[in-house]
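Thanks for coming. Please look at the sequence and the model on the screen, and I will go through them step by step.

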Amino acid sequence: MALLIWIGYRSLMDLDARPYRAFVGVADAGSFSRAARILHISQPALSAQIRELERRIGFALFTRSSRRVELTAEGSLFLDKARRMILETEFINQAAREIRANELRVGTA
C-alpha cells in the first residue's frame, strides 16, 4: 500500500518513491522485463511508470531497442539523484513510523 501525503490542494507526494524505484530497477537490471520480475509488477505497468516519469521530468531516461535498454546521458546524470530520493523516502517513512508509535528521542550535546 502506498503511503501518500497531501501537499497543497491538488498534489500528492508518493512516500514510496515508486517512479524512482522503477527507474533504478530498470537501470540496474538493464532490462524492463528483468526489472519487472524483480519489482513484482508487470512489464507494461513498469513501462508506463517510466514513460510517466520521463514525461514529468521532461527528458528520456533510456534509449530503447528491441533487445537492449541503455541509460541516456540525462538518465546517467539522474540515476544518483533517484537513488538519493529513494534513500530519503526510507528516512521519512521511518520518521513517520516513529511519530505514529509516539516514540520520543531526545539528544543533547
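Some notes on the source. This is a predicted model, in which local features need pLDDT of at least 70 and side-chain atom pairs count only at pLDDT 80 or more, while totals for chains, interfaces and linings use all residues. Residues are numbered from 1 along each chain as its sequence is written, and side-chain values use heavy atoms, with hydrogens and water left out.

Of the 109 residues of the protein, 28% count as buried. Buried means under 20% relative accessible area, exposed means over 50%, and partly exposed is in between, with a 1.4 Å probe and protein chains only.

Now the layout. The protein has four helices and four strands, and along the sequence they follow the pattern β-β-α-α-α-β-β-α. Helices (H or I, at least four residues) and strands (E, at least two) are DSSP runs, numbered from the N terminus. Of the contacts in the protein with a separation of 6 or more, 43% are between residues 24 or more positions apart. A contact means heavy atoms within 4.5 Å.

Next, helix α2. Which of its residues are buried? They are Phe-32, Ala-35 and Ala-36. Seen down the axis of α2, the buried residues fall within an arc of 105°, so they line one face of the helix. The arc is that of the directions from the helix axis to the C-beta atoms. The buried residues of α2 pack against α1 (18-29), α3, β3 (62-64) and β4 (69-71).

Take Ala-35 from that buried face. Ala-35 counts as buried because its relative accessibility is 1%. Leaving out residues up to four places away in sequence, Ala-35 touches Gly-25, Val-26, Ala-29 and Leu-46.

How do α2 and α3 sit against each other? Helix α2 (residues 32-39) and helix α3 (residues 43-57) pack at an angle of about 105°, with their axes 9 Å apart. That makes α2 roughly perpendicular to α3. Axes are lines fitted to C-alpha atoms, for helices over the stretch in contact, and angles run from 0 to 180 degrees between N-to-C directions. Angles of 65 to 115 degrees count as roughly perpendicular. Phe-32, Ser-33, Ala-35, Ala-36 and Leu-39 in α2 meet Gln-43, Leu-46, Ser-47 and Ile-50 in α3.

Further along α3 there is Leu-53, which counts as buried because its relative accessibility is 5%. Leu-53 and Phe-23 are 30 residues apart in sequence, yet 8.4 Å apart in space, C-alpha to C-alpha. Leu-53 touches Pro-19, Tyr-20, Phe-23 and Leu-61, not counting residues up to four places away in sequence.

Last, two loop residues. Most residues other than glycine have a negative phi. Ala-17, in the loop between β2 (11-14) and α1, has a positive phi near 55°. His-40, in the loop between α2 and α3, has a positive phi of about 60°. Where they part is accessibility: Ala-17 counts as buried at 2%, whereas His-40 counts as exposed at 73%.

Technical notes:
Angles under 35 degrees count as roughly parallel, over 145 as roughly antiparallel, 65 to 115 as roughly perpendicular and the rest as oblique.
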